[in-house]
Amino acid sequence: DEPWFAEAVSTVSLDLAKAEETLMAFTKDAAEFKIEAFCEANGVSDKSKAYDDLIENMGYNKFLESSPAQLKKAYEKMMAKAEPKE
């Protein structure tokens, strides 16, 4: 292995992490607007939990790209899985 290769790999990994952080910083307002509108339209009281659950389930990019109907469908699917089965 060449020593420059390991350095290049770590630099690319660092750059990708920084890119994701930058994306989230630039789209924070859009994500907040989207979750507020979703919660209001669907009677969800805990915005923070809904946001965290949707991001964990869908991923940040998919969350931003999704329509209100897609968010509702994903949220309902998550809630169905979370309900205890009798």
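This is a predicted model: local features need pLDDT of at least 70, side-chain atom pairs count only at pLDDT 80 or more; totals for chains, interfaces and linings use all residues.
Glu32 and Lys28 join their side chains in a salt bridge, with 3.9 Å from N to O. The two sit 4 residues apart in helix H1, so about one helical turn separates them.

How many salt bridges does the structure hold? The count is 2. The other partners are Lys49 and Asp53, whose closest N and O atoms are 2.8 Å apart. Here again the spacing is 4 residues, this time in helix H2, so Lys49 and Asp53 are about one helical turn from each other. Lys49 counts as partly exposed, at 46% relative accessibility.

Now for the aromatic rings. There are 2 aromatic pairs. A pair of rings is described by the distance of the centres and the angle of the planes. Here is how the pairs look:

| Pair | Centre to centre | Angle between planes | Geometry |
|---|---|---|---|
| Phe38 and Tyr75 | 5.3 Å | 70° | edge-to-face |
| Tyr51 and Phe63 | 5.7 Å | 90° | edge-to-face |

Why is the Phe38 and Tyr75 pair called edge-to-face? Its planes stand at 70°, and an angle over 60 degrees puts a pair in that class. This pair links distant parts of the chain, since Phe38 belongs to helix H1 (residues 3–42) and Tyr75 to helix H4 (residues 68–82), 37 residues apart.

Tyr51 lies in helix H2 (residues 47–58) and Phe63 in helix H3 (residues 60–65), so their pairing ties together parts 12 residues apart in sequence. Phe63 is buried, at 0% relative accessible area, whereas Tyr51 is partly exposed at 22%. The cut-off for buried is under 20%, so Tyr51, at 22%, does not count as buried.

Stepping back to the whole chain, the secondary structure comes to 4 helices and 0 strands, running α-α-α-α from the N terminus on. Of the 86 residues, 22% are buried. Among contacts with a separation of 6 or more, 52% are between residues 24 or more positions apart. As for the surface, the chain exposes about 6900 Å², and carbon and sulfur atoms supply 56% of that area.

How values were computed. Residues are numbered from 1 along each chain as its sequence is written. Side-chain values use heavy atoms; hydrogens and water are left out. Buried means under 20% relative accessible area, exposed over 50%, partly exposed in between (1.4 Å probe, protein chains only). Contact means heavy atoms within 4.5 Å. Accessible areas come from the Shrake-Rupley method with a 1.4 Å probe; for residues, only the protein chains shown count as cover. Rings of Phe, Tyr and Trp (its six-membered ring) pair if their centres lie within 6.5 Å; planes under 30 degrees apart count as stacked, over 60 as edge-to-face and the rest as tilted. A salt bridge is a side-chain nitrogen of Lys or Arg within 4 Å of a carboxyl oxygen of Asp or Glu.
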